[in-house]
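The sequence and structure come first.

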Amino acid sequence: MGVVHMTWPTVAVVLLTYERTDYACATLESAMDYMTYSGPLALHIADDGSDAEHIKRLARQVETIPGHFSQETWTNSERRGYGASYNAATQVVHEIAEIILPLEDDWVLTRLLNLDPLVEALMQPDALFDCIRLGYIGYTQPLRGEFCYVSGAHYLRLDPSSPEPHVFAGHPRLETRARQRRVGPWIEGLDPGTTEYEVARRQEAREGVVWPLDLVHPRGGLFAHIGAVQARSDQREAVEA
């Protein structure tokens, strides 16, 4: 595929958060420090009913780099859970952005991430995919795929018929608005892991997913899951006690 001469679409970073203030601030700070994009970059805070101090600290974090985001929007799902928070966010960001990067509040970007080539690949008129996974590739069952070359980069296009249920799920991803609308609203009232699993079972969610070979190691490295590190530490301390 050749280079597409395009007007850069708006990309919305969606921070899904609840109460984990230090983690959320670290995640937001890393995005501002390391994420670059030639077009408009919007921010949406999808909060699930955190206290006022949590919101104030996030707002102060955004203010540290004036003008970094072209616009900032917020939703509050009022303790209705992960699925409801995601759905409320999409109702807003679909009005302002063509590309969305959902980001949970304990995923810290560890190095420079230039969104330009990824967005360019997603916006190809004959695009082979509409979702780029940015985390490590986790699987417990066979996860098949085929290599493809788009806009000067190598990708592994994941087979939607793979036995592994988590073809799209797990960790940050960059995806189109059209894809999110095709997959549909997320189920509400369940814990985050179960919610994601239920969505991952949909055929629409399994199609059009790639992993960028030139950008992310199979074991990750672009984002650090700081919440998981803390959870393991807490478990060790509980055992030692």
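Leucine 174 is buried, with a relative accessible area of 0%; buried means under 20% relative accessible area, exposed over 50%, and partly exposed in between, with a 1.4 Å probe and protein chains only. Leucine 174 belongs to strand β11 (residues 173–176). Strands (E, at least two residues) and helices (H or I, at least four) are DSSP runs numbered from the N terminus. Between the C-alpha atoms of leucine 174 and leucine 143, which are 31 residues apart along the chain, the separation is 20 Å.

The model is predicted: local features need pLDDT of at least 70 and side-chain atom pairs count only at pLDDT 80 or more, while totals for chains, interfaces and linings use all residues. Residues are numbered from 1 along each chain as its sequence is written, and side-chain values use heavy atoms, with hydrogens and water left out.

Strand β12 (residues 209–212) is covered on both faces. Val209 and Trp211 are buried on one side, and Val210 and Pro212 are buried on the other. β12 runs parallel to β8, to which two bridges join it, and antiparallel to β10, with three bridges; strands pair if DSSP finds at least two bridges between them. Valine 210 in β12 is the bridge partner of isoleucine 132, and arginine 157 also stands opposite valine 210.

The structure holds five aromatic pairs. Rings of Phe, Tyr and Trp (its six-membered ring) pair if their centres lie within 6.5 Å; planes under 30 degrees apart count as stacked, over 60 as edge-to-face and the rest as tilted. Tyrosine 86 and tryptophan 186 form a stacked pair because their ring centres are 3.9 Å apart and their planes are at 20°. Tyrosine 86 lies in helix α3 (residues 82–93) and tryptophan 186 in the loop between α5 (177–183) and α6 (192–200), so the pair ties together parts that are 100 residues apart in sequence. Both residues of this pair, tyrosine 86 and tryptophan 186, are buried.

In the pair of phenylalanine 129 and tyrosine 155, the centres are 4.9 Å apart and the planes at 45°, so this pair is tilted. It links distant parts of the chain, 26 residues apart: phenylalanine 129 is in the loop between α4 (116–122) and β8 (131–133), and tyrosine 155 in strand β10 (residues 153–158). Phenylalanine 129 and tyrosine 155 are buried as well.

Tyr82, Tyr86, Phe168 and Trp186 are linked by ring pairs into a cluster. Arginine 79 lies over the face of tyrosine 18, 3.8 Å from the ring centre; a charge sits over a ring if NZ of Lys or CZ of Arg is within 6 Å of the ring centre and within 35 degrees of the ring normal.

| Pocket | Volume |
|---|---|
| Largest pocket | about 300 Å³ |
| Second largest pocket | about 150 Å³ |

On a 1 Å grid over the protein atoms alone, a pocket is an open set of points where a 1.4 Å probe fits, with protein on both sides within 12 Å along at least five of seven lines; lining residues have an atom within 4 Å of a point. A volume is the space filled by probe spheres set on the points, which are joined across faces, edges and corners.

The largest pocket is lined by 15 residues, and Thr17, Tyr18, Asp48, Tyr82 and Pro192 lie nearest its centre. At least two residues of this lining come from each of β1 (11–17) and α3.
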